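User: I would like to go through the charged pairs in this model first. Could you take me through them?

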Amino acid sequence: MVFRKPPDGGWGWVIVVVSFFTQFLCYGSPLAVGVLYLEWLDAFGEGKGKTAWVGSLANGIGLLASPVCSICVSSFGARPVAIFSGFMVAGGLMMSSFAPNIYFLYVSYGIVVGLGCGLLYTATVTITCQYFDKRRGLALGLISTGSSVGLFIYAALQRELIELYGLDGCLLIVGALSLNILACGSLMRPLESSSSPPPEKMFADKVPDQYFVYHEKEKTVEENISILEKGYIDEKCVNNGPDCKQDSILNKNALSSININEKDTYKKKVVEQTNFCKQLAKRKWQLYLTYWKETMVLFKNKVFSALFVAILLFDIGGFPPSLLMEDVARSANISEDDYYMPLISIIGIMTTVGKLILGILADFKWVNTLYLYVTTLLMTGVALFAIPFAKSYLTLAMLSGVLGFLTGNWSIFPYVTTKTVGIEKLTHAYGILMFFAGLGNSLGPPIVGWFYDWTQEYNTAFYFSGFCVLLGGFLLLLAALPCWNACTNQSSKLPPNTYSYKVASNA
């Protein structure tokens with residue numbers, strides 16, 4: 001496909017609106033799964049660690065499968081993937097209402113819903129980037145708030161639906177709401193100007209089918225010719241039955257009567273097509289090797305290596321509060337009369353505020369985005385250490401707001417990645433980092449749940465979470481503290497695709 005220049009407006013704003021609602025509808029329930037988590041604990045009677053796997057899979061599997069999601073969107077387009085994923089999310093939620101045990105939920109809610117969310121996230125980001133260039137940051141910022149608003153609303157909505165219709169009815173209604181993703185996906189019109197095939201495909205289409213004769217083991221041209229002759233004769237034998245012998249003799253005589261020029265032309269075509277296939281396979285293999293070489297080069301960058309450790313530890317320690325905070329409040333014996341708003345809703349609305357404010361701060365030239373990101377990590381670690389000391393709804397609500405605001409550092413993470421590896425390697429590096437973020441999302445809540453099953457209290461679990469986040473923040477800070485000006489002078493000794501993060505006031 002040939003894409004025309006991004007319009008930075010027009011139908012692009014429709015894309016922003018439908019992408020916002022798509023993320024709202026698909027991520028609302030998985031991000032607010034803490035409300036369902038309490039019901040699943042009571043319904044199935046499993047341990048907290050085992051039950052926490054449901055929500056962690058739903059939020060982590062999409063990031064873990066991000067390379068597959070990217071391939072699907074690239075191959076089929078954003079609109080078909082969005083419509084198909086809408087069926088996945090809605091179907092997974094509705095199937096979860098009939099779950100007989102926790103293991104069924106691992107598949108229906110954890111894998112099916114999680115993979116559908118990952119596909120929808122990739123589709124919305126891809127189609128938005130196609131429609132926007134100069135205003136791309138604004139557009140991506142607007143659609144990213146859809147998940148946070150979904151967390152805020154779905155936390156209260158699911159709680160109310162459970163009281164009215166029970167857990168099964170809640171999941172059925174939420175699944176039915178997710179079917180609106182189909183309407184949103186149908187409006188994701190691809191930005192295309194023509195459907196002209198690429199040059200390689202045009203070349204292949206011009207070659208007649210009879211010249212596509214080549215063997216896996218690189219047979220000679222003469223052998224390919226004999227294969228063609230044999231196939232032609234066998235086909236006639238099947239069709240004519242008893243007259244096969246006579247037709248075979250006539251066919252051999254006809255083939256032998258081909259003039260020399262036509263035979264030479266045919267040989268040239270066979271050789272050209274064989275070489276074309278060889279070159280295509282060689283090119284694919286070279287791309288595969290180049291990908292892994294570039295990956296190894298990225299890890300030679302100290303800041304990138306520290307960033308990958310920091311994002312993994314941050315998601316192991318920083319993600320569990322959004323899933324377990326409701327259970328923390330119940331474990332602290334907080335009265336229902338003091339429960340003015342779900343803690344998860346507070347996290348959701350403050351995450352939206354954090355994304356906007358931190359994103360605005362990152363645009364100022366005097367703000368170092370790496371130091372800003374490190375600051376959010378260190379403050380998150382301190383807030384996690386404070387959770388065991390919170391014994392009232394007010395203190396838990398304040399800590400939930402702080403953690404939600406700091407979780408908004410996702411909006412500046414692409415800035416940090418760009419400054420670390422350069423714009424040329426952003427896609428490659430960001431995909432790797434998102435994979436490890438998904439790994440952290442998947443492991444964090446079960447680890448915290450296992451700590452509770454082991455100690456029968458959350459104090460040790462959140463001390464562990466705070467330690468993980470602080471460790472990641474300090475490692476990233478140590479990687480950024482050395483005088484990178486000196487490192488810049490030695491940058492010529494680094495591989496050509498490696499970028500150093502220059503810590504300066506105008507970074």
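Analyst: The structure holds four salt bridges, each being a side-chain nitrogen of Lys or Arg within 4 Å of a carboxyl oxygen of Asp or Glu. This is a predicted model, in which local features need pLDDT of at least 70, side-chain atom pairs count only at pLDDT 80 or more, and totals for chains, interfaces and linings use all residues. Residues are numbered from 1 along each chain as its sequence is written, and side-chain values use heavy atoms, leaving out hydrogens and water.

User: Which residues are linked in a network of salt bridges?

Analyst: The network links Asp42, Lys48, Asp327 and Arg330. Within it, the side chains of Arg330 and Asp42 meet at 3.4 Å, N to O. Arg330 lies in helix H14 (residues 320–331) and Asp42 in helix H2 (residues 33–44), so this pair ties together parts 288 residues apart in sequence; helices are DSSP runs (H or I, at least four residues), numbered from the N terminus.

User: And Lys48 and Asp327, buried or exposed?

Analyst: Both are buried, where buried means under 20% relative accessible area, exposed over 50% and partly exposed in between (1.4 Å probe, protein chains only). Their salt bridge has an N to O distance of 2.7 Å. By contrast, Asp42 counts as exposed at 53% relative accessibility, and Arg330 as partly exposed at 39%.

User: Changing topic, how many helices and strands does the protein have?

Analyst: The protein has 21 helices and zero strands. Buried residues make up 47% of its 507 residues.

Definitions and conventions: Helices (H or I, at least four residues) and strands (E, at least two) are DSSP runs, numbered from the N terminus.
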